[in-house]
Each structure stands twice: as structure tokens, then as C-alpha cells.
Amino acid sequence: MLTHQFEFAAGTIVGRDHVGHDGFVRGCNNHDGTGLLVTDSTLIAVVSDGCGSRPHSEVGAKLTVRLLQSIIRSLLDERSLSGDPEAQAAFWERVMRQYTARIANLAYDMAGGGSFSEVIGDYFLCTALVALITPEVTQVVSVGDGVYAVNGEFSELTPDEGNEPRYPAYRLLPRKLLSEEDLSFRVNCTMETSQLQSLLIGTDGLSALIRAAGESRTLPGRETPLGGLSQFWENDRYFRNPDAVRRQLALANSEVKRLNTEGAFEFFPGLLKDDTSLVVIRRKPNPGP
């Protein structure tokens, strides 16, 4: 049972640019979606980043997490992630087609005879980064940007030249901005689950934390080191307390103002401008039977 072998944690925080800063309050929602579906034989982690320039993309991001988990679980069988790359690609294409079909049904109902394309644009433009763990195989797949780390090896999924976003819902627009191939799941990593020690997936907002840690930054207004990405799979506290990841992200993104010894105000800005979300999974130090 995978639940005897692995432990997991997750957290999300709204970006400083969405909250506002320097006394200006924007009050925007967190546009990320984050989730982990755990069964005895499957772990399905998903993070999704909604298009920040559209008014309600957090709706699509959060629905995308739940829909993809449900669809993957329903379609997965012992042949889905076989060693044949064509079989793997076919499986992920079936997942994508079911996902876009469900999104289309929702958008038609929401449009109520109005503009289907407008509903898609306002609600359903978001990325998808998925980690799927079965007893035999682990895969990380994506449409769009984000970050992931497998056994301590970090990779960043960057937008195309010109910051061209890859949103699966573009498949549903009459004037497609990208081809279906461009909007298919890309398999970024495939490995035997027996070799997996740690796995993290996150939205692109996590890149700011990685850069700040590389500059040896501290938590705003504190002497405590910010810490790099590895803290999330190395530190036991993130797995003991289900809120610990969110708390750490919140500390990294807190604005601090205080008087220094000379009576002048010091200002320490939050470090995470964009919404930041992650799911981390690691092998238990002493796995059960």
C-alpha cells in the first residue's frame, strides 16, 4: 500500500501582487488550485495556475484539480503506464479529452445561451501539473509552466518564447491559439516507484522562493533563513502538521514594518509576488508493511 510507503504535505498562499503592497490593497483571490488524492494504490497530486489577467480563473484552476484527479483515477489501469511511450501518450490524451469534454459541458451550461468562448476565457484558462504515483511507476506530466523536483533534482517548466501560455481549455476555443499537440500533456519524468525518494510539484510562483533562497534571503523581518526547496521534503515538521507548508509560505510572503534602533521605519516586503502552491511527497523513513 502506497500510504504505508509515502507521506505527503501541501500548501498554497496568495501572491503579494494579488494582495497588494506598500499600503495599496488589491484584494484579488488566489488563482491557484492544489490537491492530492490518496488511495491504497494511487497518489494523484495536481497543481493548477489560473490566468491572472482573467476575472475568475481561480474557478477553473480549482475545478481542474478535482476533475483531473477523478478522470485519472477512473481511466487508470495496469496498461496505462506501461513501458510503451505510445501507450502512455494515449492514456494522457484520453485524460485530456475527458477533461476538456467536462469543461465544455460546464461552460455551455454557464453560458446559458450567451458566449461560450467568453465563459471559457473568464473561468477556465489554467495550467495543469500532475504527479501520478502507482506501485510500479511514477510520472510527472504537465500542460503549461510550473516547477517540480524528483529525488532532489529540480526542474523548471517555463513558458514558450513570448510568454505564450499553454492552457488546455484553448482546445475549446473556435480560434485555437495553439495546436492540440501543443496543448497535450507532456511527460516530464517517468521512473520506477521503487526508486522514488521525494517528489515536489508547484506552480510557477515557487520560482521566486527558489531565487530568494539562492540569494541567502531570510524570512521578512527575521533572522531565520528562508530555506530552499529541499526543506519541504527534508524537514519532518511539514509532514507532522498539515498546515506547516502554508505557514512557511505565509511567513515568506508577510510584509513587516518596524522601528529600528535609530527611530526610523524599516520595511521588509513579502518575497512571493505570484500565487505560490506546492504538493510534496516523500518516502517514509521506516515504511510500514
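## Chatting through a predicted fold

Among contacts in the chain between residues at least 6 apart in sequence, 68% join residues at least 24 apart.

Visitor: Okay, before we dig in, what kind of model is this?

Guide: It's a predicted model, so keep that in mind as we go.

Visitor: How many helices and strands are in the chain?

Guide: The chain has 9 helices along with 12 strands. Its radius of gyration is 20 Å, close to the 19 Å the globule rule gives for 289 residues, so the chain is as compact as a globular protein of that length.

Visitor: And what does the C-alpha trace span along its principal axes?

Guide: About 65 × 55 × 30 Å.

Visitor: How much of the chain is buried?

Guide: Buried residues account for 48% of the 289 in the chain.

Visitor: Switching to charges. How many salt bridges are there?

Guide: The count is 12 salt bridges. In general, side chains of opposite charge can pair when their charged atoms come close.

Visitor: Give me one. What does Glu7 pair with?

Guide: Glu7 makes a salt bridge with Arg282, and their closest N and O atoms are 2.7 Å apart. Glu7 sits in strand β1 (residues 6-13) and Arg282 in strand β12 (residues 276-283), so this pair ties together parts that are 275 residues apart in sequence.

Visitor: Are those two buried or exposed?

Guide: Glu7 is buried, with a relative accessible area of 17%. Arg282 is buried too, at 9%.

Visitor: What about Arg54, which residue does it bridge to?

Guide: Arg54 pairs with Asp122, with the closest N and O atoms 3.1 Å apart. That links distant parts of the chain: Arg54 is in the loop between β3 (43-49) and α3, while Asp122 is in helix α5 (residues 116-123), 68 residues apart. Arg54 is partly exposed at 29% relative accessible area, whereas Asp122 counts as buried at 15%.

Visitor: And Glu215, what's its partner?

Guide: Glu215 has a salt bridge with Arg217, and the closest N and O atoms there are 3.5 Å apart. Glu215 counts as exposed, with 51% relative accessibility. Why exposed? Because the cut-off for that label is over 50%. Arg217 counts as partly exposed at 35%.

Visitor: Which residues are linked in a network of salt bridges?

Guide: Glu93, Arg97, Arg171 and Glu180 are.

Visitor: New topic: rings. How many aromatic pairs does the structure hold?

Guide: It holds 6 aromatic pairs. Take Phe232 and Tyr238: their ring centres are 5.0 Å apart and their planes are at 45°, so that pair is tilted.

Visitor: Which residues do ring pairs link into a cluster?

Guide: Phe91, Trp92 and Phe185 are the ones joined that way.

Visitor: Where does Met110 lie?

Guide: Met110 is in helix α4. Met110 is partly exposed, with a relative accessible area of 40%.

Technical notes. Residues numbered from 1 in each chain as written. Predicted model: local features only at pLDDT ≥ 70, side-chain atom pairs only at ≥ 80, totals over all residues. Heavy atoms only, no water. Phe/Tyr/Trp six-rings, centres within 6.5 Å; stacked < 30°, edge-to-face > 60°. Helix = DSSP H or I, 4+ residues; strand = E, 2+ residues; numbered from the N terminus. Buried < 20%, exposed > 50% of the residue type's maximum accessible area, 1.4 Å probe, protein only. Rg over C-alpha atoms; globule rule 2.2 N^0.38 Å. Contact = heavy atoms within 4.5 Å. Salt bridge = Lys/Arg side-chain N within 4 Å of Asp/Glu carboxyl O.
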